[in-house]
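Subject: Structure for you to look through

Hi,

Here is the structure I promised to pass on.

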Amino acid sequence: MFAAFVTPLQAAECENSPRGLEQFHSAIRDIEAGERSRPLTILHLGDSHISLDTFTRGLRTRWEERFGSAGRGLMPGVPFQYYAPDGFNLAMTGPWSIASSLPADASGPFGLQGFRASAETSDAVMTLEAAEPFSRIELELYGGPDTGAVLLKLDNAAALKLATRMAKPGLLRITVPAADARRATLRPSGSGPVHLLGWAVARKGAGVRYDSYGIVAATAAITNRWDKDIVGAQVAALKPDLVIFGYGTNEGYNNGLDVEAYSALLGGFISLMASAAPEASIALLGPFDGARRGSGEACSGGWATPPKLALLRDAQRALAEGRGGFFWDGAAAMGGRCSADDWARASPPLMYADRVHLRRKGAERLSARLWEALMTGLHGEGVCAPTKPSPD
């Protein structure tokens, strides 16, 4: 396998003109020049590849090593099995109800996190324990005329009662100073139903805040089931410098995918993001290479490339170019078509036998390549292109 080889001169050229990443790099320069105190903020949305920290860990670690940690956003409670973000222990007990925006018939309010945790009685308890202290906690709730209050307890301090009742239903954001707390406990007060969409911890100083929200089996269509007003308000409050879209794997395995309709759908969501965060750069991640048994262009051993994967990447590339965004080709970063089969057969294997999901070593390798691409402006195939390969 080969990695991109970039000379210092090429890297400097890319840093000076990172097509589609201009605003993100401008924010980096301001922070490094000491001209900005607000954290470098990144929002990453997608499917199973980012549902856990296996892939995002390499990105987050590198950004935090360079800028420091300013905290991160979290999904509500434990919305699916194995949700365990690095540096946190999360738990729920009692009668919490988790709603997912994944089903096509999902209803009710959803935000960027794609889940909603609801409860009404005080025996429903949610806890967050952080490895590092945090200076404030942010709650994102859905409030309305009939919603109740939540009790928030930080470490051993007295619980705060926070009302969620609002005349007009919608997003309610509550920020509470935490005085270097490590533990937060949340429960309904018993005065009516409460609906938690997500929460976040923040730390003092600039640093980087990298919020990654992935849902197993998600396609870009999931965004159609999120409340646009809530999402717009969340993004406007977050003020991201970079928004990353990591959808495409599951769509690419759908032989019946209408690529034109897909482009229109994803383009509409990108427009919503751009409207809510006009100062953010937009990055589209073309899906990694994959293979399956059955129809498609043959690789080896009976495995074949799903025919829609390449067409979907082409659509994403066109969207990025048309919107002034950044496109990174995940398949090219792996080595091109049939590399998924190669990675699954490698010793040790870099991909699971399903030729879809990355093993830890494979995830580490690709996250390093994506981080380099985002930080230098090196695209997956051709822009600021390397002149020669070098062995990995």
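Let me start with the disulfide, a term used here for a pair of cysteine sulfur atoms within 2.5 Å. The S-S torsion of Cys299 and Cys338 is about -90°, so this disulfide is left-handed. Cys299 sits in the loop between strand 16 (297–298) and strand 17 (303–305), and Cys338 in the loop between helix 8 (330–334) and helix 9 (339–345), so the bond ties together parts that are 39 residues apart in sequence. Helices (H or I, at least four residues) and strands (E, at least two) are DSSP runs, numbered from the N terminus. The S to S distance is 2.1 Å, and the structure holds one disulfide. Cys338 is buried at a relative accessible area of 14%, while Cys299 is partly exposed at 22%. For these words, buried means under 20% relative accessible area, exposed over 50%, and partly exposed in between (1.4 Å probe, protein chains only).

A word on how to read all this: the model is predicted, so local features need pLDDT of at least 70 and side-chain atom pairs count only at pLDDT 80 or more, whereas totals for chains, interfaces and linings use all residues. Residues are numbered from 1 along each chain as its sequence is written, and side-chain values use heavy atoms, with hydrogens and water left out.

Confidence next. The pLDDT (the predictor's confidence in each residue, from 0 to 100) averages 92 over the chain, and 92% of the residues score at least 70. Over residues 1–15 the pLDDT is below 50, and this stretch has 37 contacts in the model beyond near neighbours in sequence. Residues 379–392 also have a pLDDT below 50, with 40 contacts beyond near neighbours in sequence. Contact here means heavy atoms within 4.5 Å. Where pLDDT is low, the predicted coordinates should not be read in detail.

On to the interior. A nonpolar core is a set of buried Ala, Val, Leu, Ile, Met, Phe, Trp, Tyr and Cys residues joined through side-chain atoms within 4.5 Å. The largest one has 68 residues, of which Leu128, Phe134, Leu139, Trp199 and Phe245 touch the most other members. Helix 6 (residues 259–276) gives the largest share of this core, eight residues. A second, separate core of 36 residues includes Phe24, Ala27, Trp63 and Leu242. Not counting residues up to four places away in sequence, the contacts of Leu128 include Leu74, Phe88, Phe134, Arg182 and Trp199.

Val150, in strand 8 (residues 149–154), is buried at 1% relative accessibility. Its C-alpha atom is 6.7 Å from that of Leu186, 36 residues apart along the chain. Leaving aside neighbours within four places in sequence, Val150 touches Leu139, Leu160, Leu186 and Pro188, among others.

Helix 2 (residues 22–32) has Phe24, His25, Ala27, Ile28 and Ile31 buried. Seen down the axis of helix 2, these buried residues fall within an arc of 155° and so line one face; the arc is that of the directions from the helix axis to the C-beta atoms. Just after helix 2, Gly34 has a positive phi of about 75°.

A search of the whole structure finds eight aromatic pairs. Rings of Phe, Tyr and Trp (its six-membered ring) pair if their centres lie within 6.5 Å; planes under 30 degrees apart count as stacked, over 60 as edge-to-face and the rest as tilted. Phe80 and Phe115 have ring centres 5.9 Å apart and planes at 40°, so this pair is tilted. Phe80 is in the loop between strand 3 (71–74) and strand 4 (88–93), and Phe115 is in strand 6 (residues 115–119), 35 residues apart. Phe80 is buried at 16%, as is Phe115 at 5%. Phe245 and Phe269 form an edge-to-face pair, 5.8 Å centre to centre with 80° between the planes. Phe245 lies in strand 13 (residues 242–246) and Phe269 in helix 6, so the pair ties together parts 24 residues apart in sequence. Both Phe245 and Phe269 are buried. Finally, Phe24, Trp63 and Tyr210 form one aromatic cluster.

Best wishes
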